[in-house]
There are 2 protein chains.
Amino acid sequence: MSNVPPAGQRERLYLYDTTLRDGQQTQGVQFSTAEKQQIARALDALGVDYIEGGWPGANPTDSEFFDQRPETRATFTAFGMTKRTGRSAANDDVLAAVMNAGTPAVCLVGKTHDFHVATALGISEDENLAAIKDSVAHLVAQGREALFDAEHFFDGFKSNPTYALACLKAAHQAGARWIVLCDTNGGTLPAEIHRIVTQVIAEGIPGAQLGIHCHDDTGNAVAGSLAAVDAGARQIQGTLNGLGERCGNANLTSLIPTLLLKPPYAARFETGVTQEALADLLRVSRQLDDILNRVPIRAAAYVGASAFTHKAGLHASAILKDPSTYEHIDPALVGNARVIPMSNQAGQSNLRARLKAAGIEVEAGDPRLARILDVVKEREDQGYAYDAAQASFELLARNELGLLPQFFEVKRYRVSVERRKNRYDQMISMSEAVVVVKIGGDKVLSVSESMDESGTDRGPVNALSKALTKDLGPYQAAIDDMHLVDYKVRITQGGTDAVTRVIIDSEDGQGRRWSTVGVSANLVDASFTALLDAINWKLIRDGLAPVTR
Amino acid sequence: MSNVPPAGQRERLYLYDTTLRDGQQTQGVQFSTAEKQQIARALDALGVDYIEGGWPGANPTDSEFFDQRPETRATFTAFGMTKRTGRSAANDDVLAAVMNAGTPAVCLVGKTHDFHVATALGISEDENLAAIKDSVAHLVAQGREALFDAEHFFDGFKSNPTYALACLKAAHQAGARWIVLCDTNGGTLPAEIHRIVTQVIAEGIPGAQLGIHCHDDTGNAVAGSLAAVDAGARQIQGTLNGLGERCGNANLTSLIPTLLLKPPYAARFETGVTQEALADLLRVSRQLDDILNRVPIRAAAYVGASAFTHKAGLHASAILKDPSTYEHIDPALVGNARVIPMSNQAGQSNLRARLKAAGIEVEAGDPRLARILDVVKEREDQGYAYDAAQASFELLARNELGLLPQFFEVKRYRVSVERRKNRYDQMISMSEAVVVVKIGGDKVLSVSESMDESGTDRGPVNALSKALTKDLGPYQAAIDDMHLVDYKVRITQGGTDAVTRVIIDSEDGQGRRWSTVGVSANLVDASFTALLDAINWKLIRDGLAPVTR
């Protein structure tokens, strides 16, 4: 970025991560202590400034995690709420549990919306002001960095600006390092956030002490956070992959590249995230999905698998001339990569780029290019989907180009599924497959059943896959490190009839991952086709030569 | 909305849907003609103003769709590009194919960024201006409503504002009804969009003729669209569920509720979407996911399954006092519903309402309600999905309530798939199934194979289904009018292992349609479970009594 002033001449912007606290409010998410440790380390390596670890005392996992939290460069922060009424901050046992976690920083949430003070707390407005002031003062007196999360601030400001501001001032005067403006219900739009943050700063709370905490209930959490920064706020709270209550929190995985790479921010600010750490962003995002066993969102900004996928034919041809024609950043900056998929919308230039990526050079105008496109189109009419199955596309193209080695031939297979009662009157099921393959001149019969180590029947496709990969003679070493990582089935229209499309994702010991497709009215047959493609692709990639005799 | 002026006193804002064109650029998406028709009807019922159907002539599906497009209230629009250089608009065959679709409106994309004119087109800047002007004038002369999609406009404006504006003016002067500012690469931030749209209007292009077309590459497409409207643009282009090239287009499913429900927009504008249609938004969103066999995104704004789920304990208890404490809108306005964890009272009243809908009355406080909730939770942990399979849910509840008749018992089944060469050396496949059922005291053996009338092998599940429904003795008449209308398979997580979830939709002669679910590590077994549920539900609904002996 040539127009970025050197470090030291830019303002500091602080990133506050709440994946471990607000992120845990995601439906279906429950971190273990070990997972929290792993995520905290990843956040620290990424370079966020604050890691909010949870609410000590609120549940056993959070308490245990604070006892075993890793050493971090980032400021470790415990979350809690302002003291309850009718006792002092020092005598509130809920607050005491938060303090006892011993973190250098503590973030306390408190009410700032008059409606909530009355409805949810049932106390007077003055009692609430006193709770904020006393709680923050207590943190400061104990030598902690104090953060005040102003809950429902924007709704409160719209309803009663005088009272909402009085709450902020109470925290500010009591010594809070940060006053964080929370759009708790997620309904405030970016333009309103900009206007209200501007007013708050005009009322005397310095922007250098203001944070923003947005939720994505209108799909604007990232933009709302940027609007607050535009207005002068200097801390952004968010989560990795946008985890969080309801629609999630502001997505730091989207915000960080924008702050580092987009001139309006890169030129004005610096953060704790380096360009090297940014190049690891995709990996960190996937790591979190892996921990949570969630399917990564393909369309995610910057890190999605589709984020730099150019499907339109016109786009793909321009990309060949200059990637900046249809890319807003270089995908490598965030650890991502360009993808030019095949589909019946693609032109010849798209096709050449795709072949080149697979190591196959074909001259422009080669008549075989048109033939490949015809075959792709014909197959897609039958229900194949090559933009989701790049490895199968490569095999198809190699076949048309005369570059497809014939490693082996499947002569026949048979698979059976049986379900019956065992002698204890329990229903059990079992699948068995026989595959007959000819390699060179040798005929090989293999049989496998579908039980895994735990005695679970994994079904007919599993049995077939095992039989097929049981003994491929001279190729066996190359396929031994291959395994199936995903298996997707959908019913689609092939010609006039419904057919089954199977897409298989495979992975090998070198970390390569590839997708293959099979289509048939018979689900097992469609799966077998995709399996065969997966194996053939792997043998080609490993540079094996076909056995002949 | 009490502060909304009556209709006629508000400005009109136009919604332009490009799900069928830009949405088809989503990786893995390929609509059939029938699917395009279904989506167009859903868009029309929703109330969008323009439906962009595709690019006639670009591929066979798009051409076929325009020949068979449904009648709509919305303005049907064909997409294409400005004429190529070296011929007149009237003599450009690519443009002629677009015109021949005969739509009332035509939207042509053209270059406005000097870099692209040179790099992608390789023509002079003046030639490009002439292409825009002549193409738009041609549409107008042919009596079409003309739209000009100003490709890469924001990047172009930042690089060479004079030329970018000259392109807009060429289209404007030639009579374009709409000039659509496209952030083609998706890298422009909302604040920049606001600033640039403001400048364009100051240069004399009326806001009432300006549209905005955003992509989500920084996670800001919704906010960018709103920023353009804030600055004066009056048409928004987007897609349902945010489908589209790379990270997708501006998500109309998020934008529409914001425009109708949020005071800054609701007070100023009216759109073609009524409050009644808005209440159908979630259903339309799910319908599109169903067509594409995509898993709906739980955290989606407004329509996500988690959008009104209150996991935090403090939130849930406040919600019970007043839902507005932690909800920015009433979920029913968009057809969504509040979800509070099953274990509490709210879970039980939901359950009673669902049972009542199935004709089963259970008193509040009945201890069996808690037991049903426990079983649902346990099964959903295993991978079952009862929201999508109401008939299976009903059977589960009946079982816990002692209201599930035992019509028959499956003793065992066996299914085999074989693939081999026939005597003409062609590979053929065949599936065969045997099912053994006990009805009353009688044992019935049935066998079926999977060939349909055309000689196609429909696979093992088809063979099993045929065998199971071949002879169910006294129940046969009730199941003869039943048929399978959809079959969906997904790999999901059950406990620690991947399992297969099968959802079957069935229909009968009375037009009833019901969904059942089966889960197993074995795909055939999961399918069989769902089939059994489908039959049992039908027998209950038809009021049959179990045979006993």
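This briefing covers the fold of chain A and its contact with chain B. The model is predicted. In chain A, 90 residues are in contact with 83 residues of chain B. Strand S11 of each chain takes part, and the two S11 strands run antiparallel.

**Chain A overall**
- Chain A holds 20 helices and 16 strands.
- Its C-alpha trace spans about 90 × 70 × 45 Å along the principal axes.
- Of its 549 residues, 52% count as buried.
- Among contacts in chain A with a separation of 6 or more, 68% come from residues 24 or more positions apart.

**The contact between chains A and B**
- The contact involves 90 residues of chain A and 83 residues of chain B.
- On the chain A side, strand S11 (residues 409-421) gives the most, with ten residues.
- The chain A side divides into 32 nonpolar, 31 polar and 27 charged residues.

**Strand pairing across the chains**
- Seven bridges join S11(A) to S11(B), which covers residues 409-421 of chain B.
- A:Ser416 stands opposite B:Ser416 in this pairing.

**A hairpin within chain A**
- Strand S12 (residues 427-439) and strand S13 (residues 442-449) of chain A run antiparallel, joined by eight bridges.
- A:Glu432 of chain A stands opposite A:Glu449 in S13(A).
- Two residues lie between the strands of this hairpin.
- A:Gly440 takes a positive phi near 60° in the hairpin.

Terms used
Residues numbered from 1 in each chain as written. Chains lettered and ligands numbered in written order. Predicted model: local features only at pLDDT ≥ 70, side-chain atom pairs only at ≥ 80, totals over all residues. Contact = placed C-beta atoms within 7 Å. Helix = DSSP H or I, 4+ residues; strand = E, 2+ residues; numbered from the N terminus. Nonpolar A, V, L, I, M, F, W, Y, C, P; charged D, E, K, R; others polar. Pairing = 2+ DSSP bridges. Buried ≥ 20, exposed ≤ 12 C-beta atoms within 10 Å, placed from the backbone.
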